[in-house]
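Visitor: I have a protein model open here and would like to talk it through with you. Could we go over it piece by piece?

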Amino acid sequence: QTKAAQNWVSKKTYSGINYILLNFLYAETACPYYASFQQIRQLGGMVKKGIKGKRIIYYSIFYIQKGKKSISDKAYQQLSEQEQSKWTKRSVARQYYLFNMLDTENCQDFDYDQWTGNTTVYNAPSDQAILTAYQALVDQYQHPPSFQVHLNKNAYHPDADTIYYVAPNRWEQLSDYVATMLHELIHSTGHASRLNRSGVVQPIQFGSKNYAEEELVAELGAAFLCYDLGILPKAIDNTAAYLQYWISVLEKDDRLLFRAAAQAQKAVNYIYQRV
């Protein structure tokens with residue numbers, strides 16, 4: 001199973017839009033570890049000559065109230081509900097640059113030999129391994145939707161809270177079946193009894209902006225899960241094509257991808273029961 005991109009110092013896995021950037025767009029090496037320029041210097045290392053950093057995005061959340069200095073999200077969470085009602089939430093996007101650890105030299109405690117020479121060649125898991133991993137994922141989804149076999153439809157219906165799907169033995173590639181089921185699972189997290197996502201609970205017209213955003217959430221969330229299950233070509237190739245189409249539909253909304261990635265991460269966390 002491939003390890004998702006992590007910060008070498010904190011060992012935290014990157015999430016949301018940065019999960020997409022580091023695992024799909026910047027995945028040029030088998031080494032999953034990254035660090036900032038400052039962290040690399042603190043490790044006693046340096047960035048190799050000519051190497052450019054990988055841009056990631058971080059959203060800082062803060063709160064404002066007329067006539068008062070803004071406060072951090074941490075400070076806001078410590079207020080009473082009555083006090084919180086007086087503040088308005090704001091966010092600002094900041095750009096940071098990371099470097100893969102193999103693009104550095106002399107960083108203490110990093111084993112360069114372990115990763116040097118490794119390739120990004122993909123070794124596909126067996127069908128049985130894919131099914132086992134998929135079933136384990138479904139089993140940990142608390143209070144999941146119903147599942148019903150359908151002759152020719154793969155879709156989630158929120159009114160019935162049911163995923164309709166074409167039986168796995170009718171698919172040419174089992175990985176395609178699992179990836180499609182993961183897409184529908186992400187949709188199901190938006191049900192009113194779960195995350196109550198507007199793209200699922202509200203009436204949505206096919207091809208509309210809200211429809212497109214919910215499809216992005218489902219495809220990004222499915223890509224996260226595909227990556228976890230080791231279905232990499234499906235996750236990378238189909239996600240790239242899907243994103244290209246929907247972003248062209250929503251090109252005037254430059255924050256769409258960030259919102260969708262954040263919602264996708266929430267959906268994935270819900271299935272995994274991460275707090």
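Visitor: Which residues of helix 1 are buried?
Guide: Before anything else, please keep in mind that this is a predicted model. The buried residues of helix 1 are G16, I17, N18, Y19, I20, L21, L22, N23 and F24, and the helix is therefore mostly covered, with nine of its ten residues counted as buried.

Visitor: And how many helices and strands does the protein have?
Guide: The protein has eleven helices and ten strands. Of its 275 residues, 44% are buried, and among contacts with a separation of 6 or more, 66% are between residues 24 or more positions apart.

Visitor: OK, what about pockets, how much space lies in the largest pocket?
Guide: The largest pocket holds about 1200 Å³ of space. It is lined by 37 residues, of which S15, G16, Y58, Y59 and A262 are the closest to its centre.

Visitor: Which elements give two or more residues to that lining?
Guide: Those elements are helix 1 (16-25), strand 4 (54-64), strand 6 (88-100), helix 8 (198-201), helix 9 (209-229) and helix 11 (256-272). The largest share, eight residues, is supplied by helix 11.

Visitor: What is the lining like by class?
Guide: The lining of the largest pocket is made up of 14 nonpolar, 15 polar and eight charged residues.

Visitor: Switching to packing, how many residues are in the largest nonpolar core?
Guide: There are 51 residues in the largest nonpolar core, and those with the most contacts inside it are L22, Y134, V178, L182, L185, I186 and L225. At least two residues each come from helix 1, strand 4, helix 6 (127-139), strand 10 (162-165), helix 7 (174-188), helix 9 and helix 11, while helix 9 gives the most, with eleven residues.

Visitor: What is L225 in contact with, then?
Guide: Once neighbours within four places in sequence are left aside, L225 is in contact with L137, L182, I186, V268, I271 and Y272. Apart from this core lies another one, of 14 residues, which includes W8, M101, L102 and F110.

Visitor: Now T104, where is its place, and is it buried or exposed?
Guide: T104 has its place in strand 7 (residues 104-105). T104 counts as buried because its relative accessibility is 2%, and the cut-off for that label is under 20%.

Visitor: What does the T104 side chain make a polar contact with?
Guide: The side chain of T104 makes a polar contact with the side chain of Y112, at 2.9 Å. A polar atom of the T104 side chain also lies 2.6 Å from the backbone oxygen of M101. Leaving aside neighbours within four places in sequence, the residues in contact with T104 are I40, M46, V47, K48 and Y112.

Visitor: What about C107, where is that one?
Guide: C107 sits in the loop between strand 7 and helix 5 (112-115), and it counts as buried because its relative accessibility is 4%. Beyond neighbours within four places in sequence, C107 is in contact with I40, L43, G45, M101 and Y112. The C-alpha atoms of C107 and R41 are separated by 8.1 Å, although the two residues are 66 residues apart along the chain.

Visitor: And N106, buried or exposed?
Guide: N106 counts as exposed because its relative accessibility is 59%. The place of N106 is in the loop between strand 7 and helix 5, and its phi is near 65°, a positive value in a residue other than glycine.

Visitor: What is the phi of H143?
Guide: H143 has a positive phi of about 55°, although it is not a glycine. H143 is found in the loop between helix 6 and strand 8 (146-149), and it is classed as exposed because its relative accessible area is 67%.

Visitor: Last one, what does P168 touch?
Guide: Not counting residues up to four places away in sequence, P168 touches L174 and Y177. P168 lies in the loop between strand 10 and helix 7, and it is partly exposed, with a relative accessible area of 33%. From C-alpha to C-alpha, P168 and V178 are 8.3 Å apart in space, and they are ten residues apart in sequence.

Methods
Residues are numbered from 1 along each chain as its sequence is written. This is a predicted model: local features need pLDDT of at least 70, side-chain atom pairs count only at pLDDT 80 or more; totals for chains, interfaces and linings use all residues. Side-chain values use heavy atoms; hydrogens and water are left out. On a 1 Å grid over the protein atoms alone, a cavity is a set of points where a 1.4 Å probe fits but cannot get out, and a pocket is an open set with protein on both sides within 12 Å along at least five of seven lines; lining residues have an atom within 4 Å of a point. Grid points are joined across faces, edges and corners, and a volume is the space filled by probe spheres set on the points. Helices (H or I, at least four residues) and strands (E, at least two) are DSSP runs, numbered from the N terminus. Ala, Val, Leu, Ile, Met, Phe, Trp, Tyr, Cys and Pro count as nonpolar, Asp, Glu, Lys and Arg as charged, and the others, Gly among them, as polar. A nonpolar core is a set of buried Ala, Val, Leu, Ile, Met, Phe, Trp, Tyr and Cys residues joined through side-chain atoms within 4.5 Å. Buried means under 20% relative accessible area, exposed over 50%, partly exposed in between (1.4 Å probe, protein chains only). Contact means heavy atoms within 4.5 Å. A polar contact is a pair of N or O atoms within 3.5 Å; within protein, one must be able to donate a hydrogen and the other to accept it, and residues adjacent in sequence count only if both atoms are side-chain atoms.
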